[in-house]
Structures are given as structure tokens and as C-alpha cells.
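This report describes a protein model, starting from the overall figures and ending at a single residue.

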Amino acid sequence: MKVLLLTGLGALFFSYYWDDNFDPAGLQGARVLLTGASAGIGEELAYLYARLGAHLVLTAHTEALLQKVVGNCRKLGAPKVFFIAADMASPEVPERVVRFALDKLGGLDYLVLNHLGATPAGTRSRSVQATRWLLQVNFLSYVQLTSLALPSLTDSKGSLVVVSSLLGHVPTSFSSPYSAAKFALDGFFGSLRRELDVQDVNVAITMCVLGLRDRASTAEGVRGITRAKAAPGPKAALAVIRGGATRAPGVFYPWRFHLLCLLRGWLPHPRAWFIRQELNVTAAAAA
């Protein structure tokens, strides 16, 4: 019976994600501010937006990596592409980034929040200092960027695209501060969506639930601790862009993550069993 139920739900979600109204031409000339653009899925997002003819402002922590991505975006046909190196751990930086984007592009159609602060998995990551840093980078900077960009997005009837994680819906071991920040994102943007609806503000919010990021820093942080495989950058990036362009409320990549989020309250014990299969508990506890 459970197998039939899962099969039926899988078919339903497949048909839902397959049947959308994504029009790549609609992104030509779109004004996009993309954070976390120097590596991994963020880099792939930049390249896809460039191929689709979007005007880009890219930001990330490392200037040298950003310059490489900007050069590639120009080769791929981006009509306009600018960059600003920024450390989102500094509370004053989000305002500088948004002002730069508005100055260069004249407004925004998409704010794509993808930057990530990661600490090594393990018990040491639960320190107050590490938690405070993670909350600034992975949550508070998202709130700041959104608040600053929202007037422009309101004028353009634009879209907020928030790249989050499965750990913002299904908590797991040895990731307490990181999971807390991701849960906070889900709560903040879920509430903001309702507020905008009530106020008849035509700004879409797309929450993207992804698995382990396909980037070196993330893989290194969980090396020896998790057995989970990283989400392939190009495919995950395409799913994010499709979701944002179609103003979908949520994107799950891989799609089975939607099932996990729905089932987490129904089947708590099997969920814990599945989580244990992806963790090297001994290595995590020793970290």
C-alpha cells in the first residue's frame, strides 16, 4: 500500500513539474541581481541567465572568482554584466550591493538569493560564535537584501528567488545552526508571501529546496560525515530558473525532496532511519 501511495505521489509531482509555462524568451533583458555567483549552482545560474540574455549584477565573496564568471558570462552573450565583491557576514554590505545593482541596471526584475555560509559539520559548529555568523550570512543578509530590493521589485512586478535547503524543512543531525538559519528563511519568506498577497503586491516568491550543494567548500565541510551526493549544478540551476520565471511558489530538486517534506510529519521513524543511512555518525560526533 505504501509503495502504491509513493508511486502515485511521484507521478503526480512529475506531471506537476513537467507541465509549466516556462518561456526562455521571457528572460531576455530581465534585470537580475544574483548572490553567491562565483561557484557551484550560483555560477551555473549566472551562465544560464547569460545565455538567456538577462542583464546581470553578480556578487560573491571572492573577487578573482567573480571576474572569471563575469568573463564567461560575456562570452555566453550577456548584454550587460557587472560584479561587486561582497562579504555578507558584514551587516552593512547588503545595502551597498543593492544600491550598486539599482545604479547599474536601473531597477530589478529578479532578486536571486543564493549565497551560502557553511561551517564544518559536527558538534563544534554549535558554538554561539559560529551560530551568530551563520545567521548573519544565511538569514539576516537575505532579509536585508529583500527589504532593500522590494520597492524596485514591486515597481517591476518582479520575483524573489530564494535558494534554500532540505535542512530548512527536515532537520538532521550535526547541523543545528545551519538548519536553524534555513528554517528561518522558510518562515520569513512564507510569511512575507502572505503579507504581499494581502496587500495586493504583485511580487512572486519562489522557495527552492535543494540538496547538498555542488561546490567544493560544501563538499569539504561534510567530507566523511554524510554519504549524500551533491546536486548536479546545471540541472539544479535550470530548475531554479524555471521556477523563478514561472513564478512557482516552490521548487524541489531532486523532486523527491517534496515527498520527504510532506512525509516528515507522517512517518517520523522511517525518516530518522533514512537520515541515519546518509550519516557517518561516528565521524560527525568526533568533528
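## Basis

This is a predicted model, in which local features need pLDDT of at least 70, side-chain atom pairs count only at pLDDT 80 or more, and totals for chains, interfaces and linings use all residues. Residues are numbered from 1 along each chain as its sequence is written, and side-chain values use heavy atoms, with hydrogens and water left out.

## Overall make-up

The protein has 11 helices and 7 strands; these are DSSP runs numbered from the N terminus, helices being H or I of at least four residues and strands E of at least two. Of its 287 residues, 48% are buried, meaning under 20% relative accessible area with a 1.4 Å probe, protein chains only.

Among contacts (heavy atoms within 4.5 Å) with a separation of 6 or more, 73% are between residues 24 or more positions apart.

## Strand E1

Strands count as paired if DSSP finds at least two bridges between them. E1 pairs in the parallel sense with E2 (residues 55–60) over 5 bridges, and runs parallel to E4 (residues 110–113), joined by 3 bridges. Leucine 34 stands opposite leucine 58 in E2 and has valine 112 as its bridge partner in E4.

## Serine 38

Serine 38 lies in the loop between E1 and H2. Serine 38 is buried, at a relative accessible area of 10%. Beyond its neighbours within four places in sequence, serine 38 contacts Glu43, Ala60, Leu65, Leu66 and Val69.

Note on methods. Buried < 20%, exposed > 50% of the residue type's maximum accessible area, 1.4 Å probe, protein only.
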